[in-house]
Amino acid sequence: MNSFQQELLDDPQALIRADRGGLLRALAGAGAQVRRGIDTAGEFGVDRLRGSTPPRAVLVAPDAAAPYLSSLLAALASAEAPVIDWRNPALPRWAGPADALLVVSADGRHPRLAELIAQADRRGMVIAVAAPVRSPVAAAAARHPVADVSHLASVPPRAAWWALATPALQALDALGLAATAHLLASVADSLDGVAETDRPDSSAYTGPAKLLAAELAESVPVIAGIGQAATVAARRFAGAVQLIGGSTAMAAALPDDVARIGSLLEFATTEADFFADRISEPSVRPRLVLIGDDDRYGEPQDTQWDGLGDDAGRKAGSALAGLAASRGIGSSRILVPDAPPLVRFAAASATGDFAATYLALARGIDPSAPRLGELPH
């Protein structure tokens, strides 16, 4: 594992120089991406999806620039219809006019996505697409709503998430599956707030993302989400730590995974490699990270926000934090605003993106460089 250079986090100019692909600057533009999606909703033509009957099921086919988008849409729409992440080259046999297909692609070049759209068109499915307007994917959806994301050609793929998520959330709203469109301005404000708080010249000792990066530097983060949307944020954060930060991380859902995580924390300090050199090979310990935890475990849950933190999940988080403390294991919290689940998700996931980027930079890792299996931008 690359050594962590804490001092780099307090040197804004050194951070900017090290961030050769400009990922920090691009992440700071997430709020602007959402506002652009709001402003161009008319060009997208999303209102064409509005009808009297919501779809029976929604298939979501994202490219690599939108990891876990399907999971977020599923968390938001679960009460109305199943949302299925679809990676196969052919649609399921049952898919037809009663169902919908959402496709998001940063470059619009993937032939599998274009073929899925063609199949859905032949079956009479409801279709909405986000892709560059002159791409093969957009061409395949020419008769359906298409959100043009051609501007992503100048954006690092790892900072394109919200540009692709915004039209998908607008489509979810138009289909009658989740009231999300009216929240997008608040999402943009939340993303801007995180970008301001976690900018490169923020303090390494008080900036939430920099502080979190330092806390995770010598540990294996165990990131637990309290509630459905928070669990998606936890998975996004763990994925960013792995992909961007080059480090091991795991995600969990509370309360469902409390026993699994509790066992890991309880026995982490008792496992020993008797052949390891305790000086040259110090053990790497887990660190608990809670998302959706606002320290109100004992208070009645306000059902308005039950998508991001229920009583059982909070009690599980409290128990895990207590167990970690009793075993001398550190814990961190990603605090989120008192707002609807989508807005809270935005704040948590943006903090995770910045923390993973600072973790990479302080380890001397280029956070924008292509990894194995990725195509260059």
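The structure examined here is a predicted model. Leu164 also belongs to the largest nonpolar core, a set of 96 residues, where Leu73, Trp162, Leu164 and Phe237 have the most contacts inside the core. Helix 14 (residues 341–362) gives the most to this core, contributing 15 residues. Another core, of 20 residues, lies apart from it and includes Leu91, Leu116, Met125 and Ala131.

Two packed helices are described by the angle between their axes and the distance between the axes. For helix 3 (residues 30–39) and helix 8 (residues 161–174), the axes come within 8 Å and cross at roughly 35°, and the crossing is right-handed. Where do the two helices meet? On the side of helix 3 are Ala30, Gln33, Val34, Gly37 and Ile38, and on the side of helix 8 are Trp161, Trp162, Ala163, Thr166 and Gln170. The residues of this contact comprise 6 nonpolar, 4 polar and no charged.

Is helix 11 mostly covered or mostly uncovered? The helix is mostly covered, with 12 of its 16 residues buried. Among these buried residues are Phe237, several alanines such as Ala229 and Ala230, and also Arg236.

Definitions and conventions:
Residues numbered from 1 in each chain as written. Predicted model: local features only at pLDDT ≥ 70, side-chain atom pairs only at ≥ 80, totals over all residues. Heavy atoms only, no water. Axes fitted to C-alpha atoms, helices over the stretch in contact; angles between N-to-C directions. Helix = DSSP H or I, 4+ residues; strand = E, 2+ residues; numbered from the N terminus. Left-handed = near helix turned anticlockwise from the far one by under 90°. Contact = heavy atoms within 4.5 Å. Nonpolar A, V, L, I, M, F, W, Y, C, P; charged D, E, K, R; others polar. Buried < 20%, exposed > 50% of the residue type's maximum accessible area, 1.4 Å probe, protein only. Core = buried A, V, L, I, M, F, W, Y, C linked by side-chain atoms within 4.5 Å.
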